[in-house]
Each structure stands twice: as structure tokens, then as C-alpha cells.
Amino acid sequence: MRIRFGTSEQSTIGIEWELAVVDQHTLEQVPAADVILSRVADPVDGPIRGEYLTSMIELVTGVHRTVPSAVAEMRRHLEQALSLLEPRGLTLLGAGTHPFGDPTLQKPGDKAQYRRVTERNGWWGKQMAINGLHIHAGIDHRDKALPIVYGLARFAPYFIALSASSPFWIGEDTRFASQRTMIFQQLPTNGLPYHMADWAELERFASQLEGVGLIQNPSEIRWDVRPSTWGTVENRCMDSVPTLMEIGALTAFNQCLVERMSRALASGEPIHQLPFWFMRENKWRAARYGLSADVITHRKDEYLIHVSDGILRWVEELTPIAEQLGCAENLADVGRLVRGGPSYLRQRRVAAAHDGDTHAVTRAVVDELRAGTPAFKEGA
């Protein structure tokens, strides 16, 4: 199987934000995506498009050189979507899972690929009422793509912890920061990328999957981080988040890491890697414990590091690159997220203040989306 890799300018960015459509009053997730999709010019490839479920939409930016311009475009799409939904008693929820909704009540759209997901995966296929955030970073040469894929995957626990927004599942606190991570990885071809020596090995891998009937095209290799036909590396390990501020922070962190790795490859420096089994352990720890996780590093003098400490160190190290890329303020917001708490912590604070009421939690997440910034506790 041939896998195309297009031409992109290095470290350009694009963002895909999956959102649930909910009733403004009951806050139930409802199969009303068509209310908006029937009113946009291109509901398949346009900036507001359909997704797996009839109760989901996806907002997609074009290609940008800077994070602020990408976030500004995403803001316009969000405002358009809300202007079409709210007069009809609907709104949007930005979270990895709906805090109290029953996932089995949600139905996939009428698309062959969606039907295969549902039919092939049985019980798990009926649980896929989950939403993610995907960030593309342009790669200027195909030879860089796979080293950056595997290098960026090492940072999956940081991205999972920062974006984690799915602690609740059908009204119950799962004790995980990201229940979405645990659900999504049940599907075949999902999960962390395997280390590939070169592009030819990736194409052999894809051909073997096709030969045994596991995929029909390369897009069905749903790694957490993967090369894309657009000439990008796509980071897919994140929960959907409630606010544009968080989108900007995560996109800046991603852009700066990719740019740093690209420069290292261009100068002949190695990109540090972890064995697959350690990356898998780190991913689980971040999904379970979020910012409180201790993750395994490649450093022999510091075998374990607290996720929050690791993130803040990288923010400091990447700040000069962020200044060059025009996203220093967005990268600084990563530190604000660490101090104020990602969505999973904010949701639990609301639940604690309302006797565990996940309707109150859902209302808080919806309100944050409208505000555009997280509702940090005072002093954070």
C-alpha cells in the first residue's frame, strides 16, 4: 500500500476540534448535528463538518503559520456554529466524554467507515461517544516525519494530562483523568505508534494490515500520533477541551516541540526515544492520574518525573522557540493550565461543590466554552 505524504511548510499548523451537540436546557447530547450541517456550504470538507456520531460536529481550521491566527479562525467557526444552534435551543460541549450521557443512545452517521467501526467493535463500538482534539504540524521533508511521530509520541502523557476532560462516564467518576483515552484505545489500529525505521517499512506495515482485512486505507491506522497525507504529523492523543485558551496552549506546545525536533534532525542531533513498553505505561499513568502522574523518562539521572514538573520544564526550554514562532503567550498558558488545573480537575471541583451532580458539571463545561477561557479557581 502506497502512503502519500504531501508538501507542507515546516511547523505550520492546523486544528481539528470535535464537539458534542447538546440541548441547552436538559444538557443531554442530542442527534441534532444536521441542524447546523444543513446550513453550511460544505458539511464534508468545510470548516464545520460532520463526525462519527449524528450528535457531533468538528470544527477545522486551514493552514496557519502562527497559533494566534489559527485560534482566531477557530473562534470564528465556533461563533458561527453557536449562532446556528442556539436559536434552536442547542449548544456545544467541549469534553472528551459527556459527563452523564448514555453513550449507547448515540448513533453513528450513515457512512461506510462509521458502520465498520460500529459493527466490527461490538460492545466497544457502541461506547464511542467520545470527542478529541487533533493538531497537525507541517513537516518539510518526508524523512523527518517518522522520527518526529515517534519523538512526539513520547510526550503523549503531557498532552493527555493537559487536555484530560473526561473523568465522568454515565454520571460516575471513573477515577481516571481521561476516560476517553481508555475507551478509544480499545479499537484496532488505535494506540501509540510503532517505531518504523523508514517510510518503506510503514508502507509494508499498511500493506500487511490491508492484506488481513484490518484496514482499507491508510487513514484507518488511527495511531495517537501519525503521519498524515497532508504532509503533517498529526497529534491525536488529546481529549477535546472546553476552551479556545486551552486549544491555543496545546497547539503552541505541539508546534514548539515539532519545531525543536525538526531543527535537531536538520543538524544531525538525535531525538530521544523511549521503549514502546515505557511509553505505553506513561500513557496509562497520565490517563489515570493526569498531572499527578509520575512518568518514566530517558534520563538515567532522573528515571521518573512528575508530569506537572516535566511540563513546566519544557515550557521554559521551549520559550525561545515560541518567541520565534509567535506563540509565546499561548505557550505561557500551558503553565497557567498546570497551576489552575486542566478540565478534569475543574470538573471535579464543580462536582464536589454540587454533591456530585454531573448536570452541574456539564453546565460548567458548556459555560466555559461560551466564555472561551477556563474557570480557574481564584488565585490559580
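Let me begin with Asp-239, which, when residues up to four places away in sequence are not counted, touches Gly-96, Asn-131, Gly-132, Leu-133, Ser-163, Ala-164, Ser-165, Ser-166, Ala-177, Ser-178, Arg-180 and Thr-181, where contact means heavy atoms within 4.5 Å. Before I go on, please keep in mind that this is a predicted model, in which local features need pLDDT of at least 70 and side-chain atom pairs count only at pLDDT 80 or more, while totals for chains, interfaces and linings use all residues. Residues are numbered from 1 along each chain as its sequence is written, and side-chain values use heavy atoms, with hydrogens and water left out.

Asp-239 lies in strand β9, residues 232–239; strands here are DSSP runs of E with at least two residues, helices are DSSP runs of H or I with at least four, and both are numbered from the N terminus. With a relative accessible area of 1%, Asp-239 is buried, a word that means under 20% relative accessible area, whereas exposed means over 50% and partly exposed is in between, with a 1.4 Å probe and protein chains only. Trp-17 is 222 residues away from Asp-239 along the chain, and yet the C-alpha atoms of the two are separated by 9.5 Å.

Phe-5 sits in the segment before β1 (13–23), and at 14% relative accessibility Phe-5 also counts as buried. Which residues does Phe-5 contact, leaving aside its neighbours within four places in sequence? They are Ile-139, His-141, Arg-142, Ala-145, Trp-199, Pro-227, Ser-228, Thr-229, Gly-231 and Thr-232. Gln-80, for its part, is 75 residues from Phe-5 in sequence and 32 Å from it in space, C-alpha to C-alpha.

Now to the helices. Two packed helices are described by the angle between their axes and the distance between the axes; the axes are lines fitted to C-alpha atoms, for helices over the stretch in contact, and the angles run from 0 to 180 degrees between N-to-C directions. Helix α9 (residues 244–266) packs on helix α12 (residues 328–340) at an angle of about 115°, and their axes are 7 Å apart. The two are therefore roughly perpendicular, given that 65 to 115 degrees counts as roughly perpendicular, under 35 as roughly parallel, over 145 as roughly antiparallel and the rest as oblique. The crossing of α9 and α12 is left-handed, meaning that the near helix is turned anticlockwise from the far one by less than a right angle, with clockwise giving right-handed.

On the α9 side of this contact are Met-245, Glu-246, Gly-248, Ala-249, Ala-252, Phe-253 and Cys-256, and they meet Asn-330, Leu-331, Asp-333, Val-334, Arg-336 and Leu-337 in α12. By class, the residues of this contact are eight nonpolar, two polar and three charged, where Ala, Val, Leu, Ile, Met, Phe, Trp, Tyr, Cys and Pro count as nonpolar, Asp, Glu, Lys and Arg as charged, and the others, Gly among them, as polar.

Helix α12 also packs with α11 (residues 307–325), at an angle of about 170° and with the axes 9 Å apart, which makes α11 roughly antiparallel to α12. That contact has nine nonpolar, three polar and one charged residues. Leu-331 and Val-334 of α12 are among the residues that α11 meets, and Leu-331 and Val-334 are also among those that meet α9.

Helix α9 has a further partner in α2 (residues 67–85), where the angle is about 145° and the axes are 10 Å apart, and the crossing of α2 and α9 is right-handed.

How many disulfides does a search of the whole structure find? It finds zero, a disulfide being a pair of cysteine sulfur atoms within 2.5 Å. The sulfur of Cys-327 is 3.7 Å from the closest cysteine sulfur, that of Cys-256, which is too far for a bond. Cys-256 is buried at 0% relative accessibility, and Cys-327 is buried at 1%.

Finally, the backbone. Most residues other than glycine have a negative phi. Ser-11, although not a glycine, has a positive phi of about 65°; Ser-11 lies in the segment before β1 and is buried, with a relative accessible area of 3%. Asp-355, likewise not a glycine, has a positive phi of about 55°, and its place is in the loop between α13 (343–353) and α14 (358–371), where Asp-355 counts as exposed at 79% relative accessibility.
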